Amino acid sequence: MTEEKNGVVDEHPREKTRGPVVLRRDRRDELTTTDQRLLDSRGPSDWVHTDPWRVLRIQAEFVEGFGALAEVPSAVTVFGSARTGRDHPEYQLGRDLGAALARAGFAAITGGGPGAMEAVNRGCSEAGGFSIGLGIELPFEQGLNPWVDLGVNFRYFFVRKTMFIKYSQAFICLPGGFGTLDELFEALTLVQTKKVTKFPVVLFGKSYWQGLYDWIQSSVLEGGKVGEKDLALLHLTDDIDDAVRVVNEAHQAWADAH
């Protein structure tokens with residue numbers, strides 16, 4: 001279905017997700033999100049009675065995610081900005097990366113949104129791969145992009161993050177904002193503390209990521225806050241073949257160990 005506004009036809013109506021529920025048109029106007037209601041301690045004391053029931057909803061989200069993704073083939077999660085326009089070079093880069101992952105036999109997992117996420121899903125789908133989107137309820141409109149083959153919408157960020165880690169063999173970070181940085185450092189922390197093993201983290205785009213890498217090296221490493229082996233967890237590249245090679249080698253090492 002399409003929606004026309006000011007003479008421009010959208011690919012689908014504007015929508016808002018509430019976990020697996022999709023709200024469109026006037027129904028999408030909600031003032032708060034499920035995460036916000038969970039984490040906001042202000043308000044009347046009825047939270048004492050409602051929070052225990054939220055545990056069941058959280059449990060249900062884990063069950064839904066595990067059930068939907070349990071039989072997904074080996075996959076790579078790619079993060080990147082939702083603000084990347086379709087005419088931006090990074091969009092084509094995302095398409096090429098998604099296609100390369102598909103040709104290498106990996107499913108591509110993204111946050112399911114627009115921009116760089118859409119580009120990766122699109123490239124993977126066009127190359128005949130398995131294109132997956134894990135969406136999240138947000139206070140502004142987003143919805144899953146049209147190139148997602150398998151989509152799951154979540155209410156809670158922490159449930160969604162678990163799915164990204166559990167069902168991926170690697171993370172590749174295209175240029176992105178706070179969301180990308182959040183996932184990047186969470187992945188690094190889990191690898192550093194050995195909560196996950198054989199899990200490479202690739203920073204794609206040297207001109208974008210070099211400053212962050214240099215700061216970690218000159219300030220965090222030099223200040224003794226991390227070690228040399230921690231810095232080695234990051235792989236910085238501009239080459240799609242190089243990124244796929246890193247993923248393949250790590251996946252093979254994992255397979256050999258299991």
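What is the handedness of the crossing of H5 and H6? In this predicted model, the crossing of these two helices is right-handed.

## Helices H5 and H6

Helix H5, which covers residues 157-166, and helix H6, which covers residues 178-192, have axes that come within 12 Å and cross at roughly 60 degrees. Angles of 65 to 115 degrees would count as roughly perpendicular and those under 35 degrees as roughly parallel, and H5 and H6 are therefore oblique to each other.

On the H5 side of the contact stand Lys-161, Phe-164 and Ile-165, which meet Asp-182, Glu-183, Glu-186, Ala-187 and Leu-190 in H6. Sorted by class, the residues of this contact comprise four nonpolar and four charged ones, with no polar residue.

## The parallel sheet

An open sheet is formed by seven strands, whose order is E8-E7-E6-E5-E9-E10-E11 and whose pairing is parallel. Its edges are strand E8 (150-154) and strand E11 (234-237), each of which pairs on one side only. On average, and with direction ignored, neighbouring strands of the sheet are turned by 20 degrees against each other.

## Helix H4 across the strands

Helix H4, made up of residues 116-126, lies across strand E5 (75-79), strand E6 (107-110) and strand E7 (131-136), and runs at about 165 degrees to E6.

Technical notes
Residues are numbered from 1 along each chain as its sequence is written. This is a predicted model: local features need pLDDT of at least 70, side-chain atom pairs count only at pLDDT 80 or more; totals for chains, interfaces and linings use all residues. Side-chain values use heavy atoms; hydrogens and water are left out. Axes are lines fitted to C-alpha atoms, for helices over the stretch in contact, and angles run from 0 to 180 degrees between N-to-C directions. Helices (H or I, at least four residues) and strands (E, at least two) are DSSP runs, numbered from the N terminus. Angles under 35 degrees count as roughly parallel, over 145 as roughly antiparallel, 65 to 115 as roughly perpendicular and the rest as oblique. A crossing is left-handed if the near helix is turned anticlockwise from the far one by less than a right angle, and right-handed if clockwise. Contact means heavy atoms within 4.5 Å. Ala, Val, Leu, Ile, Met, Phe, Trp, Tyr, Cys and Pro count as nonpolar, Asp, Glu, Lys and Arg as charged, and the others, Gly among them, as polar. Two strands pair if DSSP finds at least two bridges between them.
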